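This report describes selected side-chain features of one protein structure. Please keep the sequence and the model in view while reading.

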Amino acid sequence: MDKPTLLGREWMKMLNIKIDDCVNVVLDKNVDFNVNFDNASSTVEYFKNKFPNCFNLNDTSGILGEPINIAMKQETIPIFCKSRPVPYALRNLVDKELDTLINSGVLHTVSHSKWATPIVAVPKLDGNGRETVRICGDFSVTVNKFCETQFYPLPSQEEILTSMGDGKYFSKIDLSKAFHQLQISPESQELLTLNTPRGLLRYSKLPFGIKSASFLFQQKMDEILKDFFYTNCYIDDLFIRANTKEECIKRTEIVMDRLNSYNVKINLSKCEFFKDCIQILGHRKDSSGVHPLDDKCNAIYQTSIPTNATELKSYLGLLGYYSHFIPNLSTTLRPLYDLLEKDVKWKFDKKCVKVFEYSKTLLKKHNVLVHFEMARPIVLQCDASDYGVGAVLCHEFPGGELRPIFFASKTLSRAERNYAQVHKEALAIIFGIKKFNKFLQGQKFTIETDSKPLLTLFGHNKSVPTMVNARMQRWAIILSNYDYIVKYKKGTELLLADALSRLPCKNDAPIDDFTHFICFFSDFETLKHDDIQRATSLDPCLSKVLNYTRFGWPTDIDENLKDFKRVKDELSVEGNCLLRANRLVIPEIWHDKILELLHNEHPGIFRIYLMKIILYGLVFYCIYHLFLLQPRDPKLRVLHISDVHIDLNYKENTSASCGEPLCCRPTSGPPKSPSDASGYWGDYRDCDIPLRTLENMLDHINKTHKIDYVIWTGDIPPHDIWNYTRDDVIHLLHTASKVMFKYFSHVPIFPALGNHESSPVNSFPIPQIKGNDSISWLYDEVEKAWLPWVPGNSETLKLGAFYTAEVYPGLRIISLNMNYCNSLNWWLLINSTDPTGQLAWLVAQLQMAENKGEKVHIIGHIPPGEPDCLGVWSSNYNRIINRYESTVTGQFFGHTHSDEFELFYDETSQNPRATNVVYIGPSVTTYDGFNPGYRIYTVDGNYPQSSRYVLDHETYFANLTEANLKMEMNWQFEYSAKDAYNMSSLFPEDWDNLTRKFQGDDSLFQKFHSYYYKMATFSTPDCDKVCKDKFICRMRRGQSNNPLVC
């Protein structure tokens, strides 16, 4: 029936209509159960006959559907590179390979082109041992320089493993030459033109080496498989789950049928069907759940016995790297250390062998491994020795510390041992890339090597080297498929990879993603470890802190130790010295010495080095006697203003309870009694504030506080919603912007659009609505008002009033228009998913920020957890924030007029973990029942590796009753979050812990409740247990349609 859809999937979900059973009806397709599906060859033969398109490799037409486009940056100038000469000995092979690619439909001939990429021809042997070549385009010198990275969220490991959780039988389908199955649009094909010795040839299929290839392929497969809730796709791997084997057979056939209809080709040799146990992204999945693989440390378990002192030193260096987590390590390894003593003859006897074998179990026994997380920076360390290569996949944590994820090593073959050293170092990189491919593909990562020549040969965006041998060219082409940078590190700083290369295992091991914790302890020649250790033990204060940190803190402590107890969870003991996180606590006796070193007028090498360390916040951090140096501890002061709701028609001594949506205006009439009269500065009842109240507050802030920048989260017009015209809204928009600029012309201002900034209120048409009903009348004016503050954002401001701006190097603001999640914006009935493409744009911005190592603060008006925000939009936003939780370090919203917060949770684990916090700023307006207020955040400041987290926030208010009596506004400090709630820090888990304290500590909660109304005793109601439970639920609901957290 060609009729409009009455209820889409979003409405079915909201009305609790179950669709799983409907899908199961489709599963009743005819399956021939006479086939012996326990037999692999029978299964393969059955599938080949029933789904011929999937296995017909002679068909080169590619995946059916819309061809893909490669997006280029605006005003890109085409690059035409001349053909590189091909050695005479390879010309016949190159011609033959080009003919193959043309006949298979991958390439076709063209007569001219604006773009041309040179080719690299790399000799290789085919499966029969015959000499052939691999031909690739060197896109690093052409298209990759100027194409936009078309970010598309790759599914996280947690998402896939969680969705597979209820399965008992599984199938895995591997796609054949995945990228070469994707058709390229005619517009984009010109970008992929090759300049060959035979002339110009153009790709009609997606080639390897284009930096967006993984994202484009993932997006296409998600489109093909979008109807199958039981199927997950990670680039070219498909995973199918079911509760019974029969159901798994049916579901696999359904998926195969879909792939067959889209002409998707399958690589049977890597497929697995109807298994009760399967490996998925480095895990083993069976009916009982998800398990780490047993051989995660095989590279170490299979380490061969050292044959000389050098090999033993490398091995002990590896274990010593984790000595923080393995108790009594030096005692355990004493027989091995004895072999390294001077004048001791080398003899690796039975006792040494026993200790050596036992030591290899310590890494697993003492949990030295950490989980792989896509959101964290990835580092691949590689090294090579004369007889082996080693690779360690690591995560980089705040402060620059590296924690390993996986170990891998390999013994070199006889031929590989003859390589030049630089080739061995390059082989180590390729070994690591191949070993950890599933975790590196589609991710930005850093390669660390101790070979400086590789920085030139394999450097990011470097052309494929043509004057090196074929092996190095081949490896350079492999690397061109990844998004990476290469960094040089001294060999002494690559302890892990170095040890693995010197003691490689003889058999390669599967890779899993389960690993643990490392931190560095820095010891400087001028500041001796023994000196700090001795001074700490003699210090009357620190000696107690040292013992309490080791053995537990008592209930009653001395007054001078309370600062330490407040941060006790951050303290640890290392070598009888005290650390806060990874920074050394300096005893008092050393304070003057360090200050003397710092302030000595002679700029000695140590002083410069020590200043660098302190500026970067890497080592020294003294909390004793508040020894805090300003250059090392910069902070930002950020003003948050929200919901001003200026009423230009406000008039004192008029009725404040007139029975209309908004009172305190000439039209409200005279007061019915003295108590009904509106005040000079505003009123708690159905009234907004006069412009003079806003100006008084801004003038006070400007004169009282040092502000680094301002966030302004919307709602300017008053609450006489339906009476305000478009002209009224535009006039107030520009009036308020001029007032803000008047008082804060010296600092950046970052605004966001409120739901009242339209006429009528909440009406924000989607971009498809044109003519008089469109929203362009507002967004054109928003661009005029905001563009001086956020230049370069004209396109997104006019499209949807959202933008991004760099505040400082390393810190970015993203301002969202939350009216496209507003449940009262009826235009969203046409399209409520992402009508302006704002969420897709947000993902792209966050991915770019993650790649650059930037931190992001998001501002907006309607908080994403508010019931006013549509559940579908809120759910998608929640997933995005959790994916980029290490990048998004602050969220700031308004709308509710109250002082509160919301928490985001990662619910993929059994015990949901708080991942992010939304700060909801207090309103300036008094409507209805609030004192006017503002907030100032203290944010981690400008220095390398800054977390950009909110360290504290202070709220200020004015008592409106007192102000109206005295005819004078008295802006006063209300509270500091850390002091009021006794919080040591303001990380998401700290706020989550606070909500739990509220449940058991009613006096603490009532303090929050009074702050919620900004101390407005006129309107603060009592709050009993039922009321409190609702508040706590509200705090935990960062996703508007998720009742589970309550």
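The sections below treat the model, its aromatic pairs, its charges over rings, one threonine and its cysteines.

## Basis of the report

The model is predicted, so local features need pLDDT of at least 70 and side-chain atom pairs count only at pLDDT 80 or more, whereas totals for chains, interfaces and linings use all residues. Residues are numbered from 1 along each chain as its sequence is written, and side-chain values use heavy atoms, with hydrogens and water left out.

## Aromatic pairs

Rings of Phe, Tyr and Trp (for Trp, its six-membered ring) form a pair if their centres lie within 6.5 Å; planes under 30 degrees apart are stacked, those over 60 are edge-to-face, and the rest are tilted. The count by this rule is 43 aromatic pairs. In one of them, the ring centres of Trp712 and Trp789 are 6.4 Å apart and the planes stand at 75 degrees, so the pair is edge-to-face. Helices (H or I, at least four residues) and strands (E, at least two) are DSSP runs, numbered from the N terminus. The pair links distant parts of the chain, 77 residues apart: Trp712 belongs to strand β22 (residues 709-712), and Trp789 to the loop between α29 (776-786) and α30 (794-800). Both Trp712 and Trp789 are buried; this term means under 20% relative accessible area, while exposed means over 50% and partly exposed lies in between (1.4 Å probe, protein chains only).

Tyr1012 and Phe1031 also form an edge-to-face pair, with 4.9 Å from centre to centre and 90 degrees between the planes. Here helix α36 (residues 1002-1012) supplies Tyr1012 and helix α37 (residues 1025-1035) supplies Phe1031, 19 residues apart. Tyr1012 and Phe1031 are both buried.

## Charges over rings

A charge sits over a ring if NZ of Lys or CZ of Arg is within 6 Å of the ring centre and within 35 degrees of the ring normal. The charged end of Lys452 is placed in this way over the ring of Tyr488, 4.9 Å from the centre. Arg883 lies over the face of Tyr884, at 4.2 Å from the ring centre.

Where is Thr896 placed? Thr896 is found in the loop between β27 (888-893) and β28 (900-906). With a relative accessible area of 15%, Thr896 is buried.

The side chain of Thr896 makes a polar contact with the side chain of Ser898, at 2.9 Å. A polar contact is a pair of N or O atoms within 3.5 Å; within protein, one must be able to donate a hydrogen and the other to accept it, and residues adjacent in sequence count only if both atoms are side-chain atoms. Apart from neighbours within four places in sequence, Thr896 is in contact (heavy atoms within 4.5 Å) with Pro863, Glu866, Ile920, Phe930 and Arg1034.

## Cysteines

A disulfide is a covalent bond between the sulfur atoms of two cysteines. Four are present in the structure, by the rule that the two sulfur atoms lie within 2.5 Å. In the disulfide of Cys658 and Cys663 the sulfur atoms are 2.1 Å apart; the torsion about the S-S bond is about -90 degrees, so this link is left-handed. The disulfide between Cys664 and Cys687 has an S to S distance of 1.9 Å and, with 65 degrees about the S-S bond, is right-handed.

Cys382 is buried, with a relative accessible area of 1%.
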